[in-house]
Amino acid sequence: MAMSSILNADDIKKALDAFAVADSFDYKKFFDMVGLKAKSSDDVKKVFTVLDADNSGFIEEEELKYVLKGFAKDGRDLTDKETKAFLRAADKDGDGKIGVEEFTCLVKE
């Protein structure tokens, strides 16, 4: 499933452009800019499945690094600092990965 079937392609481009510089990523602003925050929980879960590249049911740290590429192929990789901050914010149970419920809570924050 393409991210553009869930979210507006122009919104995705604007959000990616806004965080094109390394160490500028802010997940709260990003989710708001792409329109994900306003979407239903079902749509947020669809986005989660796109980002869960290995279909494990979790977004692990390695997948999180490439999260912007999940929104568009030309998205940049997150820096280690951004990846770790994102993981810390979402990983409520401390297992080192983000489950679908954790992701949904993070988006709706």
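**View 1. Contacts of Asp 91.** Asp 91 touches Gly 96, Lys 97 and Glu 102, leaving out residues up to four places away in sequence; contact means heavy atoms within 4.5 Å. The model is predicted: local features need pLDDT of at least 70, side-chain atom pairs count only at pLDDT 80 or more, and totals for chains, interfaces and linings use all residues. Residues are numbered from 1 along each chain as its sequence is written, and side-chain values use heavy atoms, with hydrogens and water left out. Asp 91 sits in the loop between α6 and β2. Helices (H or I, at least four residues) and strands (E, at least two) are DSSP runs, numbered from the N terminus. Asp 91 counts as buried because its relative accessibility is 14%. Buried means under 20% relative accessible area, exposed over 50%, and partly exposed in between (1.4 Å probe, protein chains only).

View 2. The Asp 91 side chain reaches the backbone nitrogen of Asp 95 at 3.3 Å. Such a polar contact is a pair of N or O atoms within 3.5 Å; within protein, one must be able to donate a hydrogen and the other to accept it, and residues adjacent in sequence count only if both atoms are side-chain atoms. Asp 95 lies in the loop between α6 and β2. Asp 95 is partly exposed, at 35% relative accessible area. An unreviewed UniProt entry lists Asp 91, Asp 93, Asp 95, Lys 97 and Glu 102 under "binding site". UniProt positions follow the numbering used here, feature names are shortened, and annotations may be inferred rather than shown by experiment.

**View 3. Lys 92.** Lys 92 also belongs to the loop between α6 and β2. At 60% relative accessibility, Lys 92 is exposed. Its side chain reaches the backbone oxygen of Ala 89 at 2.9 Å. Beyond four places in sequence, Lys 92 contacts Glu 102 and Glu 109.

**View 4. The buried face of α6.** In helix α6 (residues 80-90), Glu 82, Thr 83, Phe 86, Leu 87, Ala 89 and Ala 90 are buried. Seen down the axis, they fall within an arc of 160°, so they line one face of the helix. The arc is that of the directions from the helix axis to the C-beta atoms. On the other side, Asp 80, Lys 81 and Arg 88 are exposed. The cover over the buried residues includes α2 (27-33), α4 (61-65) and α7 (100-108).

View 5. Glu 82 is buried, at 6% relative accessibility. Its side chain reaches the backbone nitrogen of Ser 24 at 3.0 Å.
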